[in-house]
Amino acid sequence: MEILRVERLKTYYESVRGTVKAVDDVSFNLHKGETIGLVGESGCGKSTLGLSIMRLIKPPGRIVEGRIVYDGKIDLTKIDYEELRKIRWKEIAMVFQGAMNVLNPVHKIVDQMVEAIIFHENTTKSEAVERAAKMLQLVGVPIDRMKRYPFELSGGMRQRVVIAMALLCNPKIVIADEPTTALDVVTQRNILNLLVELKRKLGLSIIFITHDISILPSISDRIMVMYAGEIVEIGDLREVMNNPLHPYTRGLLNSILLPLEPPKPFSFLPGEPPDLINPPSGCKFHPRCPYAFGKCSLERPQLHEEKPGHAVACHLYR
Amino acid sequence: MMGFLSKIVKNEIVTGVLNNRRGLIGLTVILIFTFIAITADIISPYDPWKLTGKPYEPPSINHPLGCNDIGQDILSEVIYGSRVSLAVGFSVAFFSTLIGICVGLISGYYGGILDEIISRGVDVLLALPSLPLIIILAAYLGPSIINIIFVLSILGWGGMARVVRAQTLSLRERAFVESCKAVGMSDLSIVFKVVLPNMFPIILAESALRVTGAILSEAGLSFLGLGDPTQKSWGMILYYANTRNAFFMGSWLWVLAPGLCIAILGTAFYLVSSALDEVANPRLRRMR
Amino acid sequence: MSSVKGYIVRRVSFSILTFIILLLLNFLIPRAMPGDPARILVNEYQLPMDIVKELRARFNLDAPIHEQFLAYLRETLLHANFGYSYRYYPMTVWELLMQRLPWTLFLLGIASVTTPSFGILLGIITGWRRGSRFDVFVASISMFIWAIPYFWLAMILLYVFGYIIPIFPLSHAITPAATYNTPIEYILDILRHAALPVIALTITGYASYTLIARGSMIDTIAEDYILMAEAKGLPERRIMLNHAARNALLPVITMVALRFGFIVGGSIYTETVFSYPGVGLLIYEAITYHDYPVLQGAFFLLSLTVILANLIADLIYLIVDPRVRYTR
């Protein structure tokens, strides 16, 4: 059952040098209870995509085209601000990266959490405090931390708080934008395990954004690979990991070095991420692609289903 | 070498201000007032000291702004007033800038204990309320234009010193200063040939603000009765306007005109200062 | 907690340093001027000889300078003896100051609340709505007002609202020789008389608060926790006030302290224009009548007020920012 459908979304930023096409015609859907791992290099537009879904794009950026349909009924790009406000956090919530920056330094943790509840639901303050306490327990934060300020907590604790905060109103969808990137490996593993557990317990639908493809198998049901503002491959986790179709995906997977393993051929992606203001013509990946041929520089490949449940945007498969 | 360097720096500043809309407006107004001040003898309808009309005479063709309480033409007063106000403004700005630059450079460049002491001193200077201090000094020194310039200058350099010090501190750490030292340039050379020219836009910006401050202070002092009665400054005009009840005799232009001039000229300097700020710090420029 | 102590120590010692400089200046300035103070006393005002003798003795006016300084310190700090007013003789300067001080404090007290409040509020709104027409409008007007002389604005306000449209009275702190039926009437009368001066002070002083508050607000809005607050679906007003303004105001409050000096300066002009019987008007009279002891005493008192006000504001900052309390 489909809970979110993104259709032909384009989010552009106006800059002095030109228009940055951060999200350039992206379409996908998210099913109830599933976790999609959104992966790509830095600057490929994945964070912008996440922010666009919640309409948090600020000028000079804006959503130029496309629809974002929630629960089959509501087009998030069209509703007015008040309605959007009600949907935010209550239906769709976000876990930001960099938990230190995202928590208000002069408000206590408990106040920030209670605030999220009170403005969406009709509860008393003490009820809200209780719910916040329960949620903190769920994510493994000791209750005594509630009365503290963000800077008094460790990095891992803060990330847990941010996760707990996102879940306070029991949202249907959680967009997790690089929730583990700023953390050390051990904490990273702990947070991932926590998310897996929560996903199971609460039946969340998650869009998990990361640039590190190696952590996706722990948590994702499907994988979506993004390059230069476009989706280049999308499919079932095992299917894509075992059978990567798009050359970029292959390069990403080969970049993961397992311990004691020598580098494989094509184990690095040559070149640099493309300029999003003047991207390469045709397929944006073609300058870096070892398999590029004539058509690749002329025509942009469309996402199509090569196998059931496994789609790719590449001229190699037509 | 020095001449060439300063040509480049000055050019950038001048074009920066002229290209900036606010800077252009400000500069134009300043030039207009300067022109008026210089050509006062020619363009002024009367000698402002002569009694050319009736006391409190209302505005007419002969006296567009009317006459003051003893019958002097107000328009002429205002025109000549620009001389004094501009002279005071520029002089005070000049001297306080000079002092401020010296103090700021020494403090910022050499750092250490010297810097601590000087900064503490500047802080104290800025912490004392300036108006009472200015009043006391002016009262004891006596009412003359030189005294006013003196008092305003020695109390007004604090802001400039702070700005120059901050700039010097940041420039001192930069790579090109290090390389100058490595090459063997003397401290004095570094300061005057390298560090100082880089600060011109900011120094000018701060100076422009000082001009307005000085004009306002002179007006204020004159209004309180500490001004120079031998000069026709805008402040002195307002002093008489207040003490001779201009409003209640219906001569509201007597009050309006000089005050408006002060405000317009002051705003003009602020605009130029703002434009110079943007030249100094391109980040401030708004994207059009 | 040591950083709190360190902060307090620093601020208090700075205030003491400034106070010492103030004492020195107050002592040196009159004595640095040409002329013997005693002779001024005799010649300008024809004070009776025994009073002159007493002043000479008290302030050691014939002794070498360091003894004079000690006498000065003793008289000023221990006895609050600033001498006699020339004009209002035999009133002492101290009596005169104490008579006028309450009114000035009253005016400044109200103004030092209204001016930052108005200015900061304006700054918050224009910072939040950066680039809007309101923002541009406020910025242009503020720029112009900044260049206007205090007293000129006060004169115009007086003329327009006291004379042309007589909403407010023309002068003084209370209606002279009035009788009141209830305390409320008395209070209202005081407030009516204080209204225009306070408005004048507020208009002339708000701009720097607005500028700083706006700048701080713009910086704060770029922070990630504002994005988070928006993502949480909070109402706009709540984000603007509880999240953005709350953080943006912290650097603004130190600026509030520095501005007390300017409010005090402005009150001199304001009291002069509105004939408000405070220390400011006293200074004006002292200038006009060459009443030097009063001038000195008033200068000293006013400066002391500013130093104290700044110190208090610094200490208030301590309460407002929890980070100062807890960081090493």
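The contact between chain B and chain C takes 32 residues from chain B and 38 residues from chain C, where two residues are in contact if their C-beta atoms, placed from the backbone, lie within 7 Å. On chain B, the elements that each give two or more residues to the side touching chain C are α5 (112-127), α6 (130-141), α11 (200-224), α12 (234-243) and α13 (252-280); helices (H or I, at least four residues) and strands (E, at least two) are DSSP runs, numbered from the N terminus. This side of chain B divides into 23 nonpolar, 8 polar and 1 charged residues, with Ala, Val, Leu, Ile, Met, Phe, Trp, Tyr, Cys and Pro counting as nonpolar, Asp, Glu, Lys and Arg as charged, and the others, Gly among them, as polar.

The model is predicted, and local features need pLDDT of at least 70, side-chain atom pairs count only at pLDDT 80 or more, and totals for chains, interfaces and linings use all residues. Residues are numbered from 1 along each chain as its sequence is written, while chains are lettered from A and ligands numbered from 1 in the order in which they are written.

Chain B as a whole has 13 helices and 0 strands, and its C-alpha atoms fill a box of roughly 75 × 45 × 30 Å, taken along the principal axes. Of the 288 residues of chain B, 48% count as buried, a residue being buried if 20 or more other C-beta atoms lie within 10 Å of its own, exposed if 12 or fewer, and partly exposed in between, with C-beta atoms placed from the backbone. Among the contacts in chain B with a separation of 6 or more, 70% are accounted for by residues 24 or more positions apart.

Helix α5 (residues 125-139) of chain A packs against helix α6 (residues 155-167) of chain A at an angle of about 130°, with their axes 9 Å apart; axes are lines fitted to C-alpha atoms, for helices over the stretch in contact, and angles run from 0 to 180 degrees between N-to-C directions. That makes α5(A) oblique to α6(A), since angles under 35 degrees count as roughly parallel, over 145 as roughly antiparallel, 65 to 115 as roughly perpendicular and the rest as oblique. The contact is made by M135(A), L136(A), L138(A) and V139(A) of α5(A) together with R160(A), I163(A), A164(A) and L167(A) of α6(A).

Elsewhere in chain A, 8 of the 8 residues of helix α1 (residues 46-53) are buried, so this helix is largely enclosed by the rest of the structure. Just after α1(A), R55(A) takes a positive phi of about 55°. T180(A), in the loop between β7 (173-177) and α7 of chain A, is buried, with 23 other C-beta atoms within 10 Å. Not counting residues up to four places away in sequence, T180(A) touches Q188(A), I191(A), L192(A) and I215(A).
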